[in-house]
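The tour goes stop by stop: select, look, move on.

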Amino acid sequence: MEQSPAGPFIDIRGVTKVYHVGDVDVHALRGVDLQIKKGELCCIVGRSGSGKSTLLNVLAGLERVTAGEITIAGQRLDKMSEAEMILFRQKYVGFVFQSFNLMPYYTALENVAFPLSFRGMPQKERNAQALDILTQMGLETHQRHKPAQLSGGQQQRVGIARALVGRPELVFADEPTGNLDFATSDEVMHSIRDICRAQNKTLIMVTHDQHIAEFADRTIQLLDGRVVDS
């Protein structure tokens, strides 16, 4: 999945998203145009209801656009079937969640290795890759710990490791430090930023926290479903 030298890695043109709520049409996105380069660390900001999470969801292929085009590395997401979209996410996308979303009865190593099982990878290879990324996150000594035995910051670093273990080209993070204190948030953001830079991954995160936005190369501000500053 390589960026075309002639164009942006992500190209969004005229994207709208309308939700039908009873007899009312709610316009979450209103003609968004945006281009993102390969390896950019981007932060989407805006007040509640501005369309931040909707934009992240349509870029990740979790929701369909109502109109417009989304092209990622030459592939048109808005033209994909559901099966093609699932395959696209499995191969190319990693997710970091605010609530960690770790499986409570699995160890840190098992949580990180789990996504690789969908690729049919042998267990020994899955565990080796999981241990490698946990080591990069400074958690090699916690690989056998279950989530309840980890701090919030450690759980989120396991979540980041899980997002990155499949070597995705794109990493999406929705309020990745929303459940963490200030100092722990800083540690987590340094971790995700450093690894994404080292691996030339494109990071798109949503946050309401201006301090977290400062870790990005670029801030994209939404207001009422439109990009007002990028």
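Start at Gly-138, which follows helix α4 and has a positive phi, near 75 degrees. Helices here are DSSP runs of H or I with at least four residues, strands are runs of E with at least two, and both are numbered from the N terminus.

Before going further, note that this is a predicted model: local features need pLDDT of at least 70, side-chain atom pairs count only at pLDDT 80 or more, and totals for chains, interfaces and linings use all residues. Residues are numbered from 1 along each chain as its sequence is written, and side-chain values use heavy atoms, with hydrogens and water left out.

Colour by pLDDT, the predictor's confidence in each residue, from 0 to 100. The protein chain has a mean of 90, and 97% of its residues reach 70 or more. Confidence is highest in α3, at 96, and lowest in helix α7 (residues 210-213), at a mean of 87.

Now select 123-136. This is helix α4, with 14 residues. From first C-alpha to last it reaches 20 Å, close to the 20 Å expected at 1.5 Å a residue; the expected span is 1.5 Å times one less than the number of residues.

Which residues of α4 are buried? Show Arg-126, Gln-129, Ala-130, Ile-133 and Leu-134. Buried means under 20% relative accessible area, exposed over 50%, partly exposed in between (1.4 Å probe, protein chains only). These residues cover an arc of only 135 degrees around the axis, so they sit on the same side of α4. The arc is taken from the directions from the helix axis to the C-beta atoms. Their cover includes α3 (108-113), α5 (152-164) and α6 (182-199).

Step to Arg-157, in helix α5. Arg-157 counts as buried because its relative accessibility is 13%. Beyond neighbours within four places in sequence, Arg-157 is in contact (heavy atoms within 4.5 Å) with Met-137, Leu-139, Glu-187, Val-188 and Ser-191.

Next, the rings. The whole structure holds five aromatic pairs. Rings of Phe, Tyr and Trp (its six-membered ring) pair if their centres lie within 6.5 Å; planes under 30 degrees apart count as stacked, over 60 as edge-to-face and the rest as tilted. Select Phe-95 and Phe-172: they are stacked, 6.1 Å centre to centre, with 25 degrees between the planes. Phe-95 lies in strand β6 (residues 93-97) and Phe-172 in strand β7 (residues 170-174), so the pair ties together parts 77 residues apart in sequence. Both Phe-95 and Phe-172 are buried.
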